Amino acid sequence: MPALMKFLHIAAAIAWLGGVSFMLFALRPAAGQLAPPMRLPLIAQVLRRFFALVWPSIAILLLTGLAMLLRVGMKNAPIGWHLMLGIGLVMFLLFGHLYFGPFRRLKLAVAASDWPEGRRRVGQIATLATVNLVLGAMAIAAVIFLV
């Protein structure tokens, strides 16, 4: 069971952080060559599909992370595990803000063909996603180097 928990935890982290990396380093630069009426609906649709994967990833990360942490006991867990938990909670909250704030507003802007507003919201999403990517790297580093 511990191996399954680790596998699910790592798979969920890869899905989330890999998707963020794809969005920031592949989709956004490539889509930047398109005109806003084509670019922004494309980005909104890709994000909608990606975020449908992020929500279960978050649930899996929370459930498996807490199961592994509680299995060894909070006071017996390495500091890196505590840091991963704290950073992970910040990441989850930041994603919730991204989803219910800028992403919701991006969808509204696309529906209204408000391209300047849509561009602004994509910029906000990219900034928040970059912060989450850095936080994810810090969480991974904490659990590897502070065990």
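The dialogue below takes up salt bridges, then a helix pair.

Analyst: This is a predicted model, in which local features need pLDDT of at least 70 and side-chain atom pairs count only at pLDDT 80 or more, while totals for chains, interfaces and linings use all residues. Residues are numbered from 1 along each chain as its sequence is written, and side-chain values use heavy atoms, with hydrogens and water left out.

User: What counts as a salt bridge, and how many salt bridges are there by this rule?

Analyst: A salt bridge is a side-chain nitrogen of Lys or Arg within 4 Å of a carboxyl oxygen of Asp or Glu, and the count here comes to 2. E117 meets R120 at 3.5 Å, N to O, and E117 meets R121 at 2.6 Å, N to O, so that E117, R120 and R121 are linked in a network of salt bridges.

User: Is R121 buried or exposed?

Analyst: Buried means under 20% relative accessible area, exposed over 50%, and partly exposed in between (1.4 Å probe, protein chains only). R121 is buried because its relative accessible area is 9%, whereas R120, at 45%, is partly exposed.

User: How do the axes of helix α1 and helix α2 cross?

Analyst: Helices are DSSP runs (H or I, at least four residues), numbered from the N terminus; axes are lines fitted to C-alpha atoms over the stretch in contact, and angles run from 0 to 180 degrees between N-to-C directions. The axes of α1 (residues 2-31) and α2 (residues 36-72) come within 8 Å and cross at roughly 155°. That makes α1 roughly antiparallel to α2, a term for angles over 145 degrees.

Conventions:
Helix = DSSP H or I, 4+ residues; strand = E, 2+ residues; numbered from the N terminus. Parallel < 35°, antiparallel > 145°, perpendicular 65-115°, else oblique.
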